[in-house]
Amino acid sequence: MDLSAVEAALSDKSYSALAPLCDDLLLQTASRGATTDEWPYAVHLLAHLYLNDLNSARFFWKSLPQEVKDARPELTAVWSIGQCLWNRDYAGVYTAAQGFEWDPNLADFITAFLGEYQIFVCYDTESYRKRIFQLLTSAYSTIIVADVAHFMGMSEEDATNCMFLNPPTFDCLRFRLCLECVSSAWEDAVQNGWSLDAATNMLTVKKPKAQTNQKLDASKLQRLTECVFHLEH
């Protein structure tokens, strides 16, 4: 099985391209009747989670034979992250991701998914923490620091410092942030209307403009359906 394209995408950190690439390659492999024993199922599943495509991730997981799931602990660990996302257990995402010893080939992908090295404006658009930050901004007018820390997977001290320390004077070892990254996070929070009442530990958020919800891409679902059909026949 030629997985060079997948390996190249991982090496180049082209994570956004992995889901459609894996879908197409798995379909081609299955259509030739070739074995899929060496298929990188964990990478394939995580690729859908990276794009926040929970429907495709859930469909892909359900399509896999039980023996495949049982034989691949790393695949099951990725799905644990997916379950947390599906159930909106935001803090559980970090627990699931950080509670497994990932293979080096997948560890960087997991790190990119979590946005572990960058927060707010510093990290990739698909970053999980950025999506949660946007969700909080959209859903709340006021929110206590403890709840922000819970959703973002931080301590209350880190959540407050990363957003409101002015000027930033600490090195957040948990996220391996440089001072410039912390400064950018603080500036982004302030520019987007976040303010902190230190007496009540309450954050006030300026409401953003309404955004149109992303629709399910029918072509992705069709590719996954074809993959399952070939795997089962």
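This is a predicted model: local features need pLDDT of at least 70, side-chain atom pairs count only at pLDDT 80 or more; totals for chains, interfaces and linings use all residues.
Residues are numbered from 1 along each chain as its sequence is written, and side-chain values use heavy atoms, with hydrogens and water left out.

**The chain as a whole**

- The protein chain has 13 helices and three strands; these are DSSP runs numbered from the N terminus, with helices being H or I of at least four residues and strands E of at least two.
- Of its 233 residues, 45% count as buried (under 20% relative accessible area, with exposed over 50% and partly exposed in between, using a 1.4 Å probe and protein chains only).

**The nonpolar cores**

- A nonpolar core is a set of buried Ala, Val, Leu, Ile, Met, Phe, Trp, Tyr and Cys residues joined through side-chain atoms within 4.5 Å.
- In the largest core, with 42 residues, Leu18, Ile81, Leu106, Phe109 and Phe113 touch the most other members.
- Helices α1 (4-11), α2, α3 (41-50), α4 (54-63), α6, α7 and α8 (104-114) each give this core at least two residues, and α3 provides the largest share, eight residues.
- Setting aside residues up to four places away in sequence, Phe109 touches Leu10, Tyr15, Leu18, Val43, Leu46, Ala47 and Tyr50 (contact means heavy atoms within 4.5 Å).
- A second, separate core has eleven residues, including Ile143, Val148, Phe151 and Val205.
- In soluble globular proteins, nonpolar side chains tend to be buried together.

**Helices α6 and α7**

- Helix α6 (residues 73-86) packs with helix α7 (residues 90-98) at an angle of about 180°, and their axes are 8 Å apart; axes are lines fitted to C-alpha atoms, for helices over the stretch in contact, and angles run from 0 to 180 degrees between N-to-C directions.
- The two helices, α6 and α7, are therefore roughly antiparallel (over 145 degrees; under 35 is roughly parallel, 65 to 115 roughly perpendicular and the rest oblique).
- On the α6 side, Ser80, Ile81, Cys84 and Leu85 meet Gly92, Val93, Ala96 and Ala97 of α7.

**A closer look at Thr29**

- Thr29 sits in helix α2 (residues 18-31) and counts as buried because its relative accessibility is 6%.
- Its side chain reaches the backbone oxygen of Leu25 at 2.9 Å.
- Beyond its neighbours within four places in sequence, Thr29 is in contact with Met1, Ala34, Thr35 and Thr36.

Key: A polar contact is a pair of N or O atoms within 3.5 Å; within protein, one must be able to donate a hydrogen and the other to accept it, and residues adjacent in sequence count only if both atoms are side-chain atoms.
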